[in-house]
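Q: Please take me through this structure term by term. I want to know what each label rests on.

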Amino acid sequence: MKPISSEEAALRGPPGVGGALLLTRTSLLAANAAVASMFLTAYVALEWVSFIHEYKGVPVTPWNPGLGVVFALMVFVGSRGAFVLFTGVVTAEIFVLQSKLEWPIVIGVGALTSLSYALVAAVARRHLHLDVGLIHLRDVLVLLAVGLAGAAIDTILLAAFLLVFGQLDMRDVVWASAPLLVGDIIGIAVMTPLLLRFVFRRREIVPRRLLSLAPEGVLYVAMIGAALSAIVGSESLHGFRLFYLLFVPVVLAAVRHGLDGACLSLAVTQFGLIGLLHLSGYDARAFTEFQTLMLVLTATGLIVGVVVSERQSSDRLAREAEARLKEKEAGAAQAARFNLVSGMASALAHEINQPMTAARALARSAQHILRTSGGDVTRADSNLTTMIAHIDHAAGVVRRMRDFLRRGRPHVSTIDTRSMLEEALTLVRAEASANQVHVELDASDDLPAVHGDRIQLEQVLLNLVRNAIEAITGAGQSEGYIRVVARRLAAPPRVEIGVLDNGPGVDDQLANHLFDPLATSKEEGLGLGLPICVSIVESHGGRVWLHSRDAGATEFRFSLPLDQSEVP
Amino acid sequence: MPVQTIFVIDDHESVRDALGEMLSVFGFTVETYDSADTFLLQAIDQRRSGCVVADVRMPGTDGIELVRELGRRKIALPVVLISGHADVPMAVAAIKSGAEDFIEKPVDDTQLVAAINRALARTFEQQDLRKSQEALGLKFARLTPRQVEIFDLVVQGFTSHAIAAKLNLSVRTVESYRAEIMEKMQAESVAVLVRQAIRLGRIAP
């Protein structure tokens with residue numbers, strides 16, 4: 001066996017079998033030896049189970065499940081698996097078949113068999129890049145093809161070898177080769193995918209899920225059992241005609257559970273078929289004919305299974321990608337909100353400072369009145385009432401800011417459009433007035449409610465208004481003016497919200513890249529504001545556009561559909 | 001003595017009203033304005049006196065510009081500036097412009113009242129000074145040209161004899177002029193007369 005090499009990963013490969021990751025050299029070797037002996041035992045045991053008779057030295061078994069098992073090891077860990085096969089063939093020949101062949105012939109048979117399969121396994125691994133997870137149709141086809149090639153090569157080599165050494169004559173070759181070929185192929189086709197899917201892949205086993213699948217499994221087994229007894233119970237010719245019945249449970253399992261379903265149902269069918277045929281005393285010729293039919297069933301089942309698996313996994317991948325994208329978008333939107341608010345922080349501090357100033361002055365007034373004997377208590381009371389209103393106002397600013405920042409995941413609700421617009425404008429008004437920009441809301445009375453994430457939609461408006469403020473102050477204009485216009489429109493029913501400013505307009509160069517990430521006209525912007533607006537509005541089924549880029553009447557607009565079905 | 005008025009100027013109604021209420025509870029006479037421009041248009045009058053309390057950041061004329069504008073118009077109203085965006089450059093600009101004080105929002109009333117009182121006290125002093133100056137000018141105006149001539153010579157240190165010789169008058173006539181001058185100027189001594197002459201700018205101090 002090759003020493004530890006770059007294939008160390010492969011050595012550790014058979015996790016379900018070899019056990020834990022063993023890091024030291026000796027324990028690694030010990031683990032490998034354990035795996036090898038387990039497979040050897042499995043091979044010999046299966047050989048014993050499936051052995052029926054020998055025809056002039058060639059083990060005529062109706063199928064070769066042991067080969068399928070060891071072939072799985074070979075495509076999984078590489079050619080080293082050939083040693084297991086060689087040892088297995090020789091051991092089985094001597095102890096199970098109790099072959100009367102001389103030992104050099106036995107060794108020759110073992111060597112040729114292991115060589116043939118080592119060759120095709122290496123080709124599959126190195127040149128055809130077989131993915132042992134059998135995720136794609138291609139991998140299943142490659143596996144079937146190399147199994148077929150291996151069986152063919154092995155059959156030809158063995159026939160030639162036995163002919164040369166006089167163990168067979170020409171007449172016997174076809175008689176012996178056909179069952180060998182079919183038996184080997186069916187062994188690989190049924191057992192190798194089963195092992196690769198269930199033994200070599202470390203999977204999480206969820207007992208609850210297994211339990212939920214149990215009734216369905218019982219149903220398939222019952223169907224397979226019924227079909228098999230119908231086939232085997234009837235007369236020979238009739239039985240072949242009824243073989244199609246087996247397609248029903250296998251294809252059903254493949255369609256419902258993909259490749260895993262196909263592998264399991266095929267294994268059950270195969271073992272059941274062999275067992276029943278054996279019990280009913282069919283002869284070897286009938287076995288081979290059944291096995292040929294079984295091969296067709298196996299190929300069909302595996303192909304349907306893998307195609308279904310492929311589609312299921314691509315569906316799942318698409319769903320996962322979509323979920324990740326959504327999460328990322330929510331994260332980006334939140335980051336942009338922080339950016340937005342940190343830009344507004346000084347204005348917001350001012351916004352809170354004003355009610356604080358008023359509240360403090362009123363508190364001192366009330367205190368002064370109350371400390372003066374015969375003071376006007378009514379006046380003090382009215383001062384305190386006004387003071388509470390100011391404190392509430394400050395608290396409102398803090399709460400809105402906190403709400404605005406905190407929300408990560410979108411939260412869809414029915415939103416009163418006007419109040420949403422007003423709330424967003426209160427957040428930005430402080431900054432506007434600090435920059436001597438006048439902000440005005442012009443919302444028509446028939447504004448309907450919209451469905452969506454309130455905070456995100458406020459963010460869109462805030463972004464557009466802030467951009468307008470920055471454009472105005474950036475141009476050094478003394479009289480800034482922003483008008484937020486909201487209208488209900490028909491065909492398609494929607495709300496359109498426009499942000500108009502009398503800033504310097506948008507130049508040609510910027511207009512082309514306006515909605516690209518990182519395109520910014522500002523010195524300290526991230527350039528993510530508009531792309532995030534676009535992503536938010538589009539996730540609400542609407543769109544954002546530059547309605548007018550003229551100086552003095554620049555307008556950005558976004559639309560929100562009213563048709564509820566368009567809202568995510 | 002005219003009424004001392006506190007003019008509170010802030011574009012934020014809540015702040016304007018609350019500060020106004022507080023100062024009025026403290027006993028000041030208060031008027032509030034929503035902008036420096038309104039204040040300059042409506043309230044400015046040479047005879048008004050008191051103290052302005054103004055926000056720095058306001059639409060239109062801002063607080064610092066207001067202090068400069070009052071200076072340009074030679075209106076001696078002290079200004080206490082308040083701001084929610086207080087930073088060092090702003091405070092420096094405020095004091096340089098001639099503001100009485102610069103106070104951060106939320107306003108500490110002790111600091112505000114102290115600044116207002118300081119400003120008003122200085123106003124009172126200045127008003128006293130101006131009044132006595134005016135009174136002196138009036139007294140001086142009552143002198144005849146001959147008396148003015150003799151006033152100037154007396155404060156320059158000439159004796160009655162020297163003045164008599166200089167003006168070709170008798171010493172007795174000079175003495176009587178001197179007595180009339182001292183009476184009109186309400187000066188008890190030549191020393192007082194000299195101080196008055198300095199204040200009137202007739203001689204260098």
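Q: What makes the five strands of chain B an open sheet, and in which order do they stand?
A: This is a predicted model, in which local features need pLDDT of at least 70, side-chain atom pairs count only at pLDDT 80 or more, and totals for chains, interfaces and linings use all residues. Residues are numbered from 1 along each chain as its sequence is written, with chains lettered from A and ligands numbered from 1 in the order in which they are written. The strand order in chain B is E2-E1-E3-E4-E5, with parallel pairing. The edges are E2 (29-33) and E5 (101-104) of chain B, each pairing on one side only. From one strand to the next, the twist averages 20 degrees.

Q: Which strands of chain B does helix H1 lie across, and at what angle does it run to E2(B)?
A: Helix H1 (residues 13-25) of chain B lies across E1, E2 and E3 (49-55) of chain B. H1(B) runs at about 170 degrees to E2(B). Axes are lines fitted to C-alpha atoms, for helices over the stretch in contact, and angles run from 0 to 180 degrees between N-to-C directions.

Q: What counts as a helix or strand, and how many does chain B have?
A: Helices (H or I, at least four residues) and strands (E, at least two) are DSSP runs, numbered from the N terminus. Chain B has nine helices and five strands. Chain A has 17 helices and nine strands.

Q: Why are E4 and E8 of chain A called edge strands?
A: The open sheet of chain A has five strands in the order E4-E6-E7-E9-E8, with mixed pairing. E4 (437-443) and E8 (543-550) of chain A each have a single partner strand, so one side of each is left without a neighbour in the sheet. Neighbouring strands are turned by 15 degrees against each other on average, direction ignored.

Q: In which sense do E7 and E9 of chain A pair, and over how many bridges?
A: E7 (residues 494-501) and E9 (residues 553-561) of chain A pair in the antiparallel sense, over eight bridges. Within E9(A), A:Glu555 is the bridge partner of A:Leu500.

Q: Why is H15(A) described as largely enclosed?
A: A residue is buried if 20 or more other C-beta atoms lie within 10 Å of its own, exposed if 12 or fewer, and partly exposed in between; C-beta atoms are placed from the backbone. In H15(A), 19 of the 21 residues are buried, so the helix is largely enclosed by the rest of the structure. For chain A, 40% of the 568 residues count as buried.

Q: How do you know that the span of H15(A) agrees with its number of residues?
A: The expected span of a helix is 1.5 Å times one less than its number of residues. For the 21 residues of H15 (residues 454-474) of chain A, that should be 30 Å; the end C-alpha atoms are 30 Å apart, which agrees. After H15(A) comes A:Gly476, whose phi is positive, near 70 degrees.

Q: What makes a residue part of the contact, and how many does each chain give?
A: Two residues are in contact if their C-beta atoms, placed from the backbone, lie within 7 Å. Chain A gives 18 residues and chain B 17 residues. H12(A) gives the most to the side of chain A that touches chain B, with 14 residues.

Technical notes: Pairing = 2+ DSSP bridges.
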